[in-house]
Each structure stands twice: as C-alpha cells, then as structure tokens.
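Student: Hi! I'd like to get to know this structure a bit. Could you show it to me?

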Amino acid sequence: MIDIDVLIIGCGMAGLVAARKISEANLSTMVIATGLGSTVLSSGTIDLIGYFDGGKVRKPMETLDEFISQNPGHPYAIVGRERILQAFQEFNEKYDSFTRYEGNLEKNLTLLTPLGLFKPTLLAQSSMIRGTRENLEGSKVLVIGFRNLLNHTPALIAKSLKENWEIDADYIKLDRSETQPVQLALLLESHSEEIIQSLNEHNLGNYDYLALPPVLGIRRTREILSEFEDILGAKAFETMSFPPSVPGLRLQQLLEQPCIQNGVEIRLGWRAVEIKTTKKGCQTQIVENDSKQEISSKAVIIATGQIMRDEIIASEKDFQGSINPQILEYLKTDKEMRLIFGGKSFENIFVAGSALSEKNMTGLGTALSTGYASAAEVIKYLKGN
Amino acid sequence: MSKFDVIIIGGGVVGSGVLRDLSLRGVHTLLVDRGDLASEATGKNHGLLHSGARYVVSDPESALECAEENIILKKIAKHTIEDTGGLFVATEERNLEYLDPFLKGCSKCKVENKEITVEEALEREPFLNPNIKAAVWVNDASIDPFLLVVSNVLSALRNGAEVLTYTSVKPIVENGAVLGVETFRNGKSEKHFSEIVVNATGAWAGKVAEQAGVKLEIRPNKGTLVVLNNRVTNHVINNLRPPSDGDIIVPHYSTMILGTTSTYVEKPDGILPEKEEIKKIVRECEKMLPIVADSRIIRAFCGARPLFGKGSGRVVTRGMLLVDHKVDGVEGFVTITGGKLTTYRLMAEKASDLVCEKLGVRAKCRTAEEPLPGSEGTPPSAEEIQNRFQVNTLTSNEIVNKYGTISSEMPQKPGLICECSLVSRAEIIHSFEKLLAKNLRDVKKRTRLGMGTCQGQFCIHRAAEVMVEDLNFSAKEALNSLAEFLDEQWKIAHILEGDQLRQLMFARVMFEIVGNIRHRSEKRD
C-alpha cells in the first residue's frame, strides 16, 4: 500500500498546477491518471474571460466581478477574484522554462486562430504573442504552411485576414511530406536550418510578419522562430493550435517538469475506481489492467476534467454513490473546494478543473484557477494557515 | 422568365428520377428544390435496396414491385449498390410461425430466396446471435441514395435538363390551371412557365398541392435510424417477423445503419431523433446482432415517409400515389409521391408516362435499360486512381467503388481529406464543380466526408481550405459552411453518449473555444 499526503487524480492543467503547489509545501504528492487528458490538446493560450454578455471582453479582470455575480455557480465564483489573480500571476512568474506564457493580466490579447479569426485570450506562449490583430493590421503578412501538414489551413487564414480585416496577406506552402504537427516539430527541432533554407528557393517579397503553423519544435521554439526571422527579415509568430497540438505538448511538459523535480510521481495508465473516506483519510483503489493497488492519503483532489473523464465511486460512511455519472454533469464544491455530492460535503476530497465547469467553458482559465485554489485549500487543511 | 415543357418540384429520388426519365424522352425539364438534392426522406432512410421480402406477407403488391426494381437497379445503378445479399433471421421460437407464409410469399412475389441452416447463417455472419431459430437468404442489397440521385441528375443534365437547388418555389395558378412556378433565391424572384408542373415533394406533397389549390391528404410518418461506427456484417440482417420497429441492420461502407421506427407526425419539418426511439431500435437489433449493444452510436437521423390513405403506418401500402389533378379541376398539375427508394424508377416511369401522354410525347421510357452515369462501361482501375490522386490503396478502391466510371472525370488533385471515410481532395472539388454541391453539407452527402467516427471534426477544416484554395470560395463562405456543418451535427447531441459525446464536445471546444467560429462575423471595432 502506498502512503502519501495527497493523491491527485488527473494530470491536466488543474491537477499538475495543484501538484506543484502542494509538493512545494513539502507534502508528499502523487498524480495518477488514465492517460493524458485535454491539456495536451490545448491551443497554446489561456483564457480568463473572452466574451461576456454577448460582447468581447477587453479587460477581463475588470469584468470578473460582474461575471461572478451573474454566474454564482461558476468555478470562478467559488475561487474568487483575489485567488484567480494570484493563480495567473504565479503561473506567469513561476512557469518559465523552454517555453513560457506571456501577456498583460490587465488586458486581453486578440490572437490569430487556426480559422483565420481573432480571439480574445489572456496568456499565450511567447512564440505566439506577436500574432495580435493590433500588430497585423496595416502590416504585410505571409502565412507559411507545409503542403501535407494536416489541420493547418494557410489559404483560409490568409483569405480571412484579407476579407475581414483588410490585412495584406499572402500564403505559401512548403513542399514537405510530413503530415503530423508533432512529426514536423521534431524535425524542426533537429533540422530547422535545412527547412528554413528551402524558403530561399522561393522568390518571396518583403513582409512585416510571418504567420507560422504552431510546429516550431518543442524545446527550441525561440531559436527556430528567430531563424525564420533572420532569413526573411520579418517578425515571426506561431498561430494558435488545433489538436493534435505541439503547443499543448509544450504546456504539458512545462507543467510536469517542476512536479517531477519536486519528486512527485506521475503514474499514467492507472484509473481510480473507488475512494473510501473517513475523517482520518482516504483509501483510493487504483487499477491498471489486472493490477490493483490501494493508495492511502490524507486528501484527494479530483481533477479528472470534462471531456475525457471516467467514473469514480466515492463513499463516506453511510453515503455510497457514484460521482461523475455523466460527462455532461458537473461536480459541485463548497467555498473550500471540497466535493459536495448527494447533499454531503466530503471533508478530504477536493475538486479542481473543468470537472467543475458549468456550461460556459473557459480555455484553461478554470483549470488554472481551481488547480491553484484547491491546492491552497488542501495545504490549509493539512498544515493550517 | 423562362419556358420549359415540365417543371418538377422536389429534388429527392423521385423528382430526380422523373427528371432523368423525361430528359431521356426529349422533354425539356427543370427541377427545383428548396434545399440540396436528396436532403429529406431520400437521404434519411436505411439505404436498403429491398429484395421485396419485407413486404411479401403484408403488402404483396409492393413486394412484387420491389423484386422487379431490385433486379433493374442492380444493372443500371450498380455503382451505387453494394450487392450484399440479405438474411432474415428468426430470433424467437414464436416467430417461426411467420416462416412458412414468408417463404410462400417470397415465391409468389418472385423474391429470390433460400432457406439456409442456422449453422450456415452463422458461418456467413459470425456476429449473428447464435440462438437464432431459422434463417432465409434473400437478395437485399445496400444502396447509396445520395449517389443514386446525383447520378440521375447527371444523366438528365447531359440530356438538356436544368436544375435549381436552394431555390424556394410556389406554383403559379391562374383560372384553375398551374402555369409554372415562381422561384425565390437570394432575395430574387423569377417566373418559370411550363405545360405541366410535377409535384414530387414526398411528405410535403400535400402542402405544395394546397398552394396549387388542390386538397391532398399526405400523412408524414417519422422513421428514425441509428448509425454505428463498426461494420460487422456483410449481409443486410432482417428480423424474420411481421414488419415492426427495429427490424433491420444494413451495412453501409464502414458503418451499419439500424432501423427503424414508425410514428405519425403533424409536420415533416424539424423532426429529430429521440433517445427513446434509439434505445428501442438498439434493443430490438441486438436480438439479431448482440454486438450492437456495445457498439458506438456515431449518429442518428430521421426522415418523414410520405404515407397516404388510412390505417397505421405499418399496414398501409407503401405503393405509390400518382394523381393527375385534372380530377380536382386543376390543369397542368401532377403529383407523384409515396413509394419507396427501391421503387423510385418505376414511380418515375409511371409519372413520366402520364406527363408524356398529356404532352402528346410518344417516346418510350428508357430508364430500365440505360445505365446511369457511373455504371456505364468499365470504371478505371484502382491503381490508375491511386496514381492520379496520390492516395492509398484503400481510398482508391473506395473511389472506384463509389463513383464507378464517374471517377475518371475527377480533377487530378492529390491528397486525402477525410481519414475516417477515406475521401480525397479530388472528390470534394468534383462535388462542387460537377455534382451541384453548394456547401460542405452537400459535399458530405456526395462523398461521405465527415460520416465516420469523428463526424467531420478534423476533415471539415481541411475541406474549408479546399474551398478557399481550389475553388475560389471566400473565407466567409467557407467558414459559414463549416459552421452549418457543425450545427447540423450538434442538433443530435441529446441522443449521444460516452465516447461519441466526448468527440462532439471535443469538436465544440476546438471550433468554438480555440477557432472562435461563433464570432466569425466580428469586424473591426
């Protein structure tokens, strides 16, 4: 039997943000998950509030209070403004490695999407930060693509820029056989020069900006970006990503790295099937194919997401019930992020991430805020203030 | 203003069948539909080419018609048909009572049949319920109704016909005669005149007749169908019992379609499948093929059968209704409705005979002998297609199977767009250029783009790129098309479960949260 302080179920943004914070408080922590969840598929940006009341939000921190008062059941309302701000600030400061997220917390960015539209978001990977509407308007843009790369549509992006925003945009498709984004990213990671040189074969004009597919390596993105800039004498950026997503892979690694450094064991392929809880602690049954194990912990955080989540059975003394019965049902917590289910509050089961989301989905903002908040509550529960 | 001999309202299989029949007889004909071709009942059924066996006991007249048309269509429309054969299996002891009248009926109605042992049935279809009590082989087949319609229209176009899709229509009636139709498209109206207007609007026939000043009672009957992503049978599987809900499984490409239900509805517009109907169909079909219970439902849809006359949906004859509304005091107006996909050609022949008689045209019907475009001559080899389109062997085989000789008319544009249903770039371009597709939903019908497990999540984005890059659509048109495609998928979210629901939500996050498709009309502010 494994005996730890905190077990976290789910290894997306919410679970891993919580794991880092809890492990930094010197509590022994373990993460189990059936597989990588939705974070690894994410776009490379983190939203707080993009649209509200039918309108586009420019300053999400200013809109937050009104959002909370109109959506009292939303995870943002449970976490509260102050902690949300802390969560975003800490993320911006502490997650700085081979990639980092940038953005002014006061003001949304308006970034180029894979459909050639612009969308408001709060933080973006540094390689993407230049692709804003403000930058591109009035500039000459070249959208660079690869002939066989799936899920990247340079002609659509260029035409949409021209039609909708009168941005002078062209596109070019380099003749490559690679079809998958990760395949190209790995190739660029090791052989970027060869591919970039091939741009010389084309007689390209002068451009202010190069819009590149989000495949510029996994760890060397900044270098590859400047190699493109050097050869074409223009500023370059990656557009947001559709899945399968290289920026999502970078984020996953960015989130995992500090956990691993702090000694957090991340076990993939294990499914939590049952949590039994008493005031003393939780006994969680985990299974992998035919293997079974029991984990004893003082607290559990359920961060199993929304789209990919599975069923877990939870029971507390006289209460027995199955949680997450339906993908479309959301879990509820009290103000301290403790699970409320079947009319009961569970003292040592906490919930984080999009398992809590109401209908209005937020791109990772909920995960970040609730991951942070649940960790803070677990630490308070186990160590006091 | 323009002038035709005949104007047909309705681009389903019957309307397009009449269009072809008349065009082959030299009659100058226009077909108008408010939407795309094959967008209602024609495309919303199980895609079964009946052997007739289903009706031999309850409706021998229909059974005989089906048996004859089955043989004709296997000749003239072979590229749209997968000649699977069918099995009728008795799942319960008490259904054995039905075996004898069934076999006798088959012989009487000239339905090719052979009783086989349960062992043989299981050998042919190992996923069949091992507890079945009896099995009869019949010559059912699966048919692609979209390609059937498109091929009829292609043939007509070659013979001088004209077609307007996405065009609303109203009969022009003066002094007790229908003189033509007024069409409405993109905010513009236009008048088209003809000697005769043919009402081939299926479950909407009563409504159109009313506009022409004629009372015609059509009872729309809703049938719901379920699509599974795994195909584990090569035969059509029928339950050997009197016709009832959930009695058939039809293999289609890489999917299986389970059907169906039968409920009268007030109006044929806006009907959606219900979870209860789906549960019932699955519960019934798993009696024949137990694996159905654990299979992934990727889609469900429903269509409105145009039934007429009294009685319940099951017992009333599905035979055709052909009316010269002269009997109602209206000249120049003919309705053809009812019937079945399998008997569309016969219905078209009867309607065209009537129209020609009224026009004084003597030319005879040629549709029973003349193959449809796609089934004329020898199709190109899969190797040839593979080289031209630079696609894998599976895809090139699929292209040749689907389009037959039409595949040699496709543009030489390389690449695979839809990985679930193996749809190439060339097919998408060809659909727009030659097969009257106006948007991605139309392309889906013609090519099967987005009909597989991911339901278009990845391929429609690529197809939007094809629209912009190869076909000169604007970005706005491509994105609108993409959004409409998604909206149609999301209409059935309420019936999905498990992995397919995850898939749908995943697509939603992708296009709405990341792509920002909902705010595509946002301009500078």
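Student: Okay, how are H2(A) and H4(A) oriented to each other?

Tutor: H2(A) and H4(A) are oblique to each other. The word oblique is for angles left over once under 35 degrees counts as roughly parallel, over 145 as roughly antiparallel and 65 to 115 as roughly perpendicular. Here helix H2 (residues 60-70) and helix H4 (residues 81-94) of chain A pack at about 140°, with axes 11 Å apart. Axes are lines fitted to C-alpha atoms, for helices over the stretch in contact, and angles run from 0 to 180 degrees between N-to-C directions. Helices (H or I, at least four residues) and strands (E, at least two) are DSSP runs, numbered from the N terminus.

Student: Which residues make the contact?

Tutor: From H2(A) they are A:Met61, A:Leu64, A:Asp65 and A:Ile68, and from H4(A) they are A:Arg81, A:Ile84 and A:Leu85. Residues are in contact if their C-beta atoms, placed from the backbone, lie within 7 Å.

Student: Where do these numbers and letters come from?

Tutor: Residues are numbered from 1 along each chain as its sequence is written, and chains are lettered from A and ligands numbered from 1 in the order in which they are written. This is a predicted model, where local features need pLDDT of at least 70, side-chain atom pairs count only at pLDDT 80 or more, and totals for chains, interfaces and linings use all residues.

Student: New topic: what is the strand order in the open sheet of chain A?

Tutor: The order is S11-S10-S12-S13, with parallel pairing of the 4 strands. Two strands pair if DSSP finds at least two bridges between them. S11 (168-174) and S13 (235-238) of chain A are at the edges with a single partner strand each, so one side of each has no neighbour in the sheet. From one strand to the next, the twist averages 25°.

Student: How many bridges join S10 and S11 in chain A?

Tutor: Strand S10 (residues 140-146) and S11 of chain A pair over 7 bridges. A:Val141 stands opposite A:Ala169 in S11(A).

Student: And what lies across S10, S11 and S12 of chain A?

Tutor: That is helix H6 (residues 154-165) of chain A, running at about 175° to S11(A). Helix H8 (residues 221-232) of chain A also packs on the sheet, touching S12 and S13 of chain A.

Student: Last one: how many residues of chain B are in contact with chain A?

Tutor: 27 residues of chain B are in contact with 25 residues of chain A. The largest share of chain B's side, 8 residues, comes from H15(B).

Definitions and conventions: Two residues are in contact if their C-beta atoms, placed from the backbone, lie within 7 Å.
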